[in-house]
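Take a look at the chain below.

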Amino acid sequence: DKLAANEKTVAEAQAKALEAEGKLSTLTEQHASEFAQNLASQREVLEKAKDDAINAEKAKAFEENQKLTVKVNNLQRDLEKKTNEELGEGAEIDLFEALKRDFPDDNITRIAKGAPGADIRHVVMLRGKECGTIIYDSKNHKGFRWEHVTKLKADQLADKAEHAILSTHKFPEGARQLHIHEGIVLANPARVVSIASMIRQHLLQV
């Protein structure tokens, strides 16, 4: 009788242990499911916050681009009202030296003759961080040539530069001193550093 009682007790204990294990397994699965749901929910919230932040930055950059375009257009209109004497039409400057002098903290380099790319590469710097790139080509021909603009556009895409400026004395028909074509800024050599200063400030703000 005692042996039978002991066996009964052991069987009941085993049954309770199995029942407890079953409950524990169920609770573990429920906890894992809840944890996964919470993790997915948090991830969704973080992704939304990230998307919102990116969209806000894009909107800010677009607004700054619009402001820069307005500034350049206003400057273009002001230049068109002035005479050659007021503008200093024949002003000759060493663009590379002028850029180095006005923006000493930036990384400005000449592109070697015969090497692919524009004449000058200008990386705008702020406390050791690159903020964007401007490339420059300088042309001094008797007549304006669209292929110079096309080449500079290709150089800009290849370099992944944010802006490109063509320094030239000659302009398309109906334009002078300053003109924008498909994002490429055409400027009289005497205006290039001023335009670069505006673009540089824009890159720093963005």
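A search of the whole structure finds seven salt bridges. A salt bridge here is a side-chain nitrogen of Lys or Arg within 4 Å of a carboxyl oxygen of Asp or Glu. Side chains of opposite charge can pair when their charged atoms come close. This is a predicted model: local features need pLDDT of at least 70, side-chain atom pairs count only at pLDDT 80 or more, and totals for chains, interfaces and linings use all residues. Residues are numbered from 1 along each chain as its sequence is written, and side-chain values use heavy atoms, with hydrogens and water left out.

Start in helix H1, where Lys 48 and Asp 52 sit four residues apart. That spacing is about one helical turn. Helices (H or I, at least four residues) and strands (E, at least two) are DSSP runs, numbered from the N terminus. Lys 48 and Asp 52 form a salt bridge, with the closest N and O atoms 3.2 Å apart. Lys 48 is exposed, at 53% relative accessible area. Asp 52 is partly exposed, at 39%. The cut-offs are these: buried is under 20% relative accessible area, exposed is over 50%, and partly exposed lies in between (1.4 Å probe, protein chains only).

Next comes Asp 106, which forms a salt bridge with Arg 200. Their closest N and O atoms are 2.6 Å apart. Asp 106 lies in the loop between helix H3 (95-102) and strand S1 (107-110), and Arg 200 lies in helix H5 (residues 189-205), so the pair ties together parts that are 94 residues apart in sequence. Both partners count as buried: Asp 106 has 7% relative accessibility, and Arg 200 has 16%.

Now turn to Asp 137 and Lys 151, a salt bridge with its closest N and O atoms 3.4 Å apart. The pair links strand S3 (residues 129-139), which holds Asp 137, to helix H4 (residues 146-159), which holds Lys 151. Asp 137 is buried at 1% relative accessibility, while Lys 151 is partly exposed at 35%. Salt bridges with shared partners join Asp 137, Lys 151 and Asp 155 into one network.

Last, the second largest pocket. It holds about 180 Å³ of space. Helix H1 (residues 2-80) gives the most to its lining, with four residues. Among the lining residues are Asn 65, Leu 68, His 163 and Ile 199. A pocket is an open set of points on a 1 Å grid over the protein atoms alone, where a 1.4 Å probe fits, with protein on both sides within 12 Å along at least five of seven lines; lining residues have an atom within 4 Å of a point.

Key: Points joined across faces, edges and corners; volume = space filled by probe spheres on them.
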